[in-house]
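Dear colleague,

Please find below the sequence and structure that I am handing over to you.

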Amino acid sequence: ESDLYGNPVFRVQSDQSEQSLFKASDLMIGSTTATNARIEFHHVLAKVAIHVIDDTGRFDLQQVSAGLLSINDAVYVNLQQAVVSTIAEERTDIKMLTEATTDWRMSAYAIVAPQTVASGSLLFAVTVNGNSLAYAVPENVVMESGKTYTINMRLTTDGLISESSYVTDWDYQNEESIDVRQ
């Protein structure tokens, strides 16, 4: 499967609830310059990180499932230019990788196609102790290639409340490079 220019399609996993499935969703492309014989690999998709703290004391966040709702999951990959373009019509729910550090604190992660989630759209849902809770974004959320979009949330008696959100470069400490002179 490819676009009119022969650029192949890459799809993230709809179930990223295990580390191996999460990693299988990551797409890195290598590039170099004429003066540099090293190929530097970089992430071309976006990462979402959501951190939740239970303020109520009623929920066990070690028994939680989390997901992103109606997210773009596919891109065309242009290897010549080392870029991707999102396929807007391709959307799915994504089951996130979750890590509970205590019974009242958890984090969830997913890799997605670069995209903008429109204001008012449901983005995130959790199911804990049989209760399903969803979070709608109050403003447009831009998820860029090579960036991590992080939301810090609190679980209150009123539901999921966003405390803060921010965008950073995807953690490049584990990036790969290859010296092509060898």
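This is a predicted model: local features need pLDDT of at least 70, side-chain atom pairs count only at pLDDT 80 or more; totals for chains, interfaces and linings use all residues.

Strand S10, which covers residues 105–112, is mostly covered: of its eight residues, seven are buried. Strand S4 (residues 46–54) runs antiparallel to S10 and is joined to it by eight bridges. Within this pairing, Arg105 of S10 has Ile53 opposite. Strand S9 (residues 97–102) is also antiparallel to S10, and five bridges join the two. Here Glu99 stands opposite Ser107 of S10. Two residues lie between S9 and S10, and the two strands form a hairpin.

The second matter concerns the backbone angle phi. Most residues other than glycine have a negative phi. Ser70 is not a glycine, yet its phi is positive, at about 50°. Ser70 belongs to strand S5, which spans residues 64–72. Its relative accessible area is 37%, and Ser70 therefore counts as partly exposed.

Ala82 likewise is not a glycine and has a positive phi, in this case of about 60°. Where is Ala82 placed? Ala82 is found in the loop between strand S6 (74–78) and strand S7 (83–86). Is Ala82 buried or exposed? Buried means under 20% relative accessible area; Ala82 has a relative accessibility of 13% and so counts as buried.

With kind regards

Notes. Residues are numbered from 1 along each chain as its sequence is written. Side-chain values use heavy atoms; hydrogens and water are left out. Buried means under 20% relative accessible area, exposed over 50%, partly exposed in between (1.4 Å probe, protein chains only). Helices (H or I, at least four residues) and strands (E, at least two) are DSSP runs, numbered from the N terminus. Two strands pair if DSSP finds at least two bridges between them.
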